[in-house]
Amino acid sequence: MGRRRGARHRSPRRPADRARLLLRIVDDIRAKVPRDFPLSIRLSVTDYEPDGIPIEETVELCRRLEAHGVDVLHCSGGHHAGMEWEVSPWYQVRTPHRWGWEKIKDAVSIPVIASGSIVSPETAEEILASGSADFVSLGRPLLADPDWARKAKAGRVLEITPCIRCNDGCLHRGLNKGRSVGCSVNPSVAEEGRFPVTAAGESRRIAVIGGGPAGLHAAAVLHDRGHDVTLYEPGELGGLLNHAQGSTVKQDLAALARHLIHEVSRRDVRVVARAADAQTIAEGGFDAAVVATGAPDESPRFPIEGRLPVRTAAQVRVTDAPRGRVVIVGGGFQGCEVALRVSAAAATGEATTVTIVESNDGLLAGEEVFTDAERLPLFLDAAGVSVRCGHTVVGIDDEGVRVETAGGVETVPADAVVLALGRRRADSALADELEAAGVDVRVIGSAREPGRVFDAIHTAFFTARSL
Ligand code: SF4
């Protein structure tokens, strides 16, 4: 009786079998190139699947690759169907594959290249100095700043535009839509020749109103074009990027805030710590104004009574994150990420439970980055965040958040509430007033349309190029 069709596929996995094709390819290449031609293999330390490839199998494979003449092992992780490891997002830990490449390095004598979310020179230096790996490799950080290595070597670390691991410009709006790769923080990536920052025909006095990411970036580019720039910001420079300060969740945004602030501070840009209105602009004798005042939070459409602490998602900082039974109102991206930040902040503190209530039937119902829509719920699950969809909030009182469901009205008990209702369109009063006064006025970032970092930086860059 012959062997059943498919029997080979059902037999237990044997590393020797799985490696055969790869080793034959390696042997063939090795036979065709001189021995001093360096041969590198990139491979995942594991696919991170429950029944996937264990690290022991990868280590054994690496030993065999070395024996077959491979010169260097380039270690990544994950696979295309699980992109939270392959292109780890900002709510994933940095250098997630370190544990794996270190096991491989211990087992072989050829060099090991580390990869995966090595976004800062400090991290790269620590990996090399500690002997964790022999080389580091960069992917997305080079889209964010092609001069990453040159600036790092020169010690100009804060001048590096950091990759924020948003996967928005490169994957979501780029490759996933069949377009060329883009980048949220580098509008001219891959098109540097098309969008150079050149000197303006005439130097003008320009006021930038608002010191969030859009205003900061516009101010730096306008300065580089030869304009005389004054930036007005009554609060904290960095705007909404600052909510991630000190957190391991979206720490990359805090790095971007530090970079953008540095880029303004090292230029001859006047920063004025107060708000500007039409009178300010008129009295200052400005030729043009760039409005970058952001978008206000959406207002709750339900009564808030009693003394329960209620704050917005942007007001949650790691140093004073709410504790106890925390209820997040809203399950869009803002609600999901603040739930992770509160959970991360509570990990070392007192017992905290986090619950998201959302009126839609599922989380992330808006236009989300596709990798977030697919994988963010898994991170919430891993963090122990409870999710109640189909719960429409009808009020907040001393007991908690009152919600209406198909079964009636009930209360989700809470010690603290975070409103994550998104942002609404800003009114155009300031821009209208400036325009009526004859000022050349432009509106950028979320003041034009609530958006993500991509929109803030891109509208700032292209507006500054046009002035
Ligand atoms: S789009 Fe975002 S993730 Fe992609 S390279 Fe740019 S900053 Fe990094």
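1. In this predicted model, the charged end of Lys250 is placed over the ring of Trp90, at 4.7 Å from the ring centre. Trp90 has a relative accessibility of 9% and therefore counts as buried, the limit being under 20%.

2. A second contact of this kind involves Arg173, whose charged end sits over the ring of Phe454. The distance to the centre of that ring is 4.0 Å.

3. Aromatic pairs form the next topic. The structure contains seven of them. In one, Tyr48 and Trp85 have ring centres 3.7 Å apart and planes at 5°, so this pair is stacked. Tyr48 belongs to the loop between strand E1 (40–44) and helix H3 (55–67), whereas Trp85 belongs to helix H4 (residues 83–86); the pair therefore ties together parts that are 37 residues apart in sequence.

4. Trp85 counts as partly exposed, because its relative accessibility is 22%. Ring pairs also join Tyr48, Trp85 and Trp99 into a cluster.

5. Is Phe333 buried or exposed? With a relative accessibility of 16%, Phe333 counts as buried.

Terms used
Residues are numbered from 1 along each chain as its sequence is written. This is a predicted model: local features need pLDDT of at least 70, side-chain atom pairs count only at pLDDT 80 or more; totals for chains, interfaces and linings use all residues. Side-chain values use heavy atoms; hydrogens and water are left out. Rings of Phe, Tyr and Trp (its six-membered ring) pair if their centres lie within 6.5 Å; planes under 30 degrees apart count as stacked, over 60 as edge-to-face and the rest as tilted. Helices (H or I, at least four residues) and strands (E, at least two) are DSSP runs, numbered from the N terminus. Buried means under 20% relative accessible area, exposed over 50%, partly exposed in between (1.4 Å probe, protein chains only). A charge sits over a ring if NZ of Lys or CZ of Arg is within 6 Å of the ring centre and within 35 degrees of the ring normal.
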